[in-house]
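Hi everyone, thanks for coming. Please have a look at the sequence and the structure on the screen, and then I'll walk you through them.

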Amino acid sequence: MTGKVLILGGTGEARRLAEALVAEDVEVLSTLAGRIADPVLPPGEVRVGGFGGAAGLAAWLGATPVAAAVDATHPFAATMTASAAAAAEHTGTPLLRLQRPGWAPGPGDDWRWVDSLAGAADAVAGFGSVFLTTGRQGLAAFAGLTARCLVRSVDPPAPPLPGRTTVVLARGPFTVEEELAVMRQHGVEVLVTKDSGGAMTAAKLTAARELGLPVVLVRRPPLPAGLAVVGTVDEALAWVRAQPG
Ligand code: NAP
């Protein structure tokens, strides 16, 4: 690979892919949405901020041709993933989606699957104390809850929030012991999470299992049809190495 590789980032996988490619002397440009005030930056060139939808990204790719692109954004970054697929098709840019596998329940888990944050709000309506770990965006879906809500996010969430919200600002990963402590301290009765997958944020699921708490999981949005998808950084590396550019 002699040309530049574009990595649409914001995940640990994106950062590890950038590290591996830079170590192989591949020219890498990582992009971040710019939502987090103090992000952990990958090595190589970094661009912060959106492109202006699929048309904006297509125009950007027209002016800044890349040999290949890897969409390594979060499994729930559906708008970016759709834009990347459309812009790549429009410009003929080889595109791979790197998306870690989702979580699967183990013995003793009480997992309740829903399709959206609104569905999650409905699913927790009968509980007195809810732990919301879905990130600070989209909390408006829970604004109507009357339960005590514990919200954990990296940066402070913006209103509207549930009326009885306690905010904990923290950046993971957390250990199972830390998750057990926060759940016990706040008397959590149900955990809400997106099906983000991966080990980084899985300790809360183990803690919920140990405490016998139900978990409401938001299913991933579907991927654009025809998109090449891999689940690991190693597979993405192999794909990049195999690109002609
Ligand atoms: P989204 O809804 O799909 O993206 C919204 C807009 O943000 C996109 O249309 C794009 O703006 C811009 N954008 C998103 N990712 C970008 C990237 N890597 N580089 C440049 N622009 C980007 O995504 P989101 O849910 O807001 O997530 C934003 C970022 O946070 C992503 O990088 C994602 O990997 C990371 N993240 C998301 C979650 C989550 O739960 N959603 C969790 C952890 C990390 P334009 O249309 O202007 O191009």
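This is a predicted model: local features need pLDDT of at least 70, side-chain atom pairs count only at pLDDT 80 or more; totals for chains, interfaces and linings use all residues.

**Around the ligand**

How many residues surround the ligand? There are 22, and the closest are Gly9, Thr31, Phe51, His74 and Lys194. By type, the shell around the ligand splits into 12 polar, 8 nonpolar and 2 charged residues. Two elements, β2 (28-32) and α3 (78-91), each bring at least two residues to that shell. Of these, α3 gives the most, with 3 residues.

Now let's turn to the inside. In soluble globular proteins, nonpolar side chains tend to be buried together. Here, the largest nonpolar core holds 19 residues, and Ile7, Leu17, Leu21, Val70 and Leu98 have the most contacts inside it. At least two residues of this core come from each of β1 (5-8), α1 (12-23), β4 (68-71), β5 (95-98) and α7 (233-242). Which element gives the most to this core? That would be α7, with 5 residues.

Setting aside neighbours within four places in sequence, Leu17 touches Ile7, Val70, Leu98, Val233, Ala236 and Leu237.

Another helix to look at is α2, residues 53-63, where Gly56, Leu57, Ala58, Trp60 and Leu61 are buried. The buried residues of α2 pack against β1, β2, β3 (45-48) and α3.

**A few loops**

Let's compare some loop residues. Gly197 belongs to the loop between β10 (190-194) and α6 (203-211). Is Gly197 buried or exposed? Gly197 counts as buried because its relative accessibility is 2%, and the cut-off for buried is under 20%. Beyond the neighbours within four places in sequence, Gly197 is in contact with Arg100, Pro101, Gly102, Trp103 and Arg220. Gly197 and His74 are 123 residues apart along the chain, yet their C-alpha atoms are separated by 9.8 Å.

Thr146, by contrast, is exposed, with a relative accessible area of 64%. You will find Thr146 in the loop between β7 (129-132) and β8 (148-153). Its C-alpha atom is 9.3 Å from that of Ser129, and the two residues are 17 residues apart along the chain.

Most residues other than glycine have a negative phi, and most peptide bonds are trans. Asp25 is not a glycine, and still has a positive phi of about 65 degrees. Asp25 sits in the loop between α1 and β2, and it is exposed, with a relative accessible area of 72%.

Then there are two cis peptide bonds to find on your screen. One joins Pro159 and Pro160, with omega about 5 degrees, and Pro160 is in the loop between β8 and β9 (164-169). Another runs from Gly172 to Pro173, with omega near 5 degrees; Pro173 lies in the loop between β9 and α5 (176-185).

Notes: Residues are numbered from 1 along each chain as its sequence is written. Side-chain values use heavy atoms; hydrogens and water are left out. A residue is near a molecule or strand if one of its heavy atoms lies within 4 Å of it. Helices (H or I, at least four residues) and strands (E, at least two) are DSSP runs, numbered from the N terminus. Ala, Val, Leu, Ile, Met, Phe, Trp, Tyr, Cys and Pro count as nonpolar, Asp, Glu, Lys and Arg as charged, and the others, Gly among them, as polar. A nonpolar core is a set of buried Ala, Val, Leu, Ile, Met, Phe, Trp, Tyr and Cys residues joined through side-chain atoms within 4.5 Å. Buried means under 20% relative accessible area, exposed over 50%, partly exposed in between (1.4 Å probe, protein chains only). Contact means heavy atoms within 4.5 Å.
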